Amino acid sequence: YQEEENPSNPGTSRISPIAATIPPAVQSPYPSALWVCMVQCKFPYGYEYLGNTLRLVITPLTDRCYITLMTALQLHLGGAPQGPAGTGKTETVKDLAKAIAKQCVVFNCSDGLNYLSMGKFFKGLASSGAWACFDEFNRIDIEVLSVVAQQIMTIWEAVREGVKNFIFEETPINLDPTC
């Protein structure tokens, strides 16, 4: 949480769950001057125009999900919200992406998916910096999941190492480290 001046009551402060800041002279591999901060986590603002759409109502549960996902992002990890169908897991991830101006692509997985199509999808995500939300990920065949895990690991290692370019599936990729 970020403490900030309360505009409705000057001279007092309030706690904001997510805030955008412009820190002075930040040394960073990201070109962004604007950062989104939550608790101890900082993530570069994406500057992706996503339209003038409605936002989710922030509840204690969505707030906890935001904090958990932002912490995972800070550690260069992903997130996998879990729960019953229809509880807003996908919408929460999409709303967090919107809060930091990142494109989030929702992908409905099926048992007919193969590693080649997933590889093409990951190439696009890694080079554009977009996020993906995989619905029904458990429907993917176990043989394909094994290769998909290796593909994700290759991108994850490139992000952790801080490289600008890497080889993915025998193709050179310009890496956006915020993917």
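The lining of the largest pocket draws at least two residues from each of strand E5 (41–44), helix H1 (60–74), helix H2 (89–99), H3, strand E7 (131–135) and H4. Helices (H or I, at least four residues) and strands (E, at least two) are DSSP runs, numbered from the N terminus. The model is predicted: local features need pLDDT of at least 70, side-chain atom pairs count only at pLDDT 80 or more, and totals for chains, interfaces and linings use all residues. Residues are numbered from 1 along each chain as its sequence is written, and side-chain values use heavy atoms, with hydrogens and water left out.

**Largest pocket**

- The largest pocket holds about 1400 Å³ of space, a volume being the space filled by probe spheres set on grid points joined across faces, edges and corners.
- A pocket is an open set of points on a 1 Å grid over the protein atoms alone, where a 1.4 Å probe fits, with protein on both sides within 12 Å along at least five of seven lines; lining residues have an atom within 4 Å of a point.
- Its lining comprises 42 residues, and Gly78, Gly79, Ala80, Ala132 and Phe134 lie nearest the centre.
- E7 provides the largest share of this lining, five residues.

**Helix H2**

- Buried residues (under 20% relative accessible area, 1.4 Å probe, protein chains only; exposed is over 50%, partly exposed in between) in H2 are Thr90, Thr92, Val93, Asp95, Leu96, Ala97 and Ala99.
- These buried residues pack against strand E4 (35–38), H1, strand E6 (104–108) and E7, contact meaning heavy atoms within 4.5 Å.
- Asp95 counts as buried because its relative accessibility is 4%.
- Not counting residues up to four places away in sequence, Asp95 touches Arg55, Leu56 and Tyr66.
- Ala101, which follows H2, has a positive phi near 60 degrees.

- E8 and strand E9 (residues 171–174) pair in the antiparallel sense over four bridges; two strands pair if DSSP finds at least two bridges between them.
- Asn165 stands opposite Asn174 in E9.
- Two residues separate E8 and E9 in this hairpin, and Glu169 in the turn has a positive phi of about 55 degrees.
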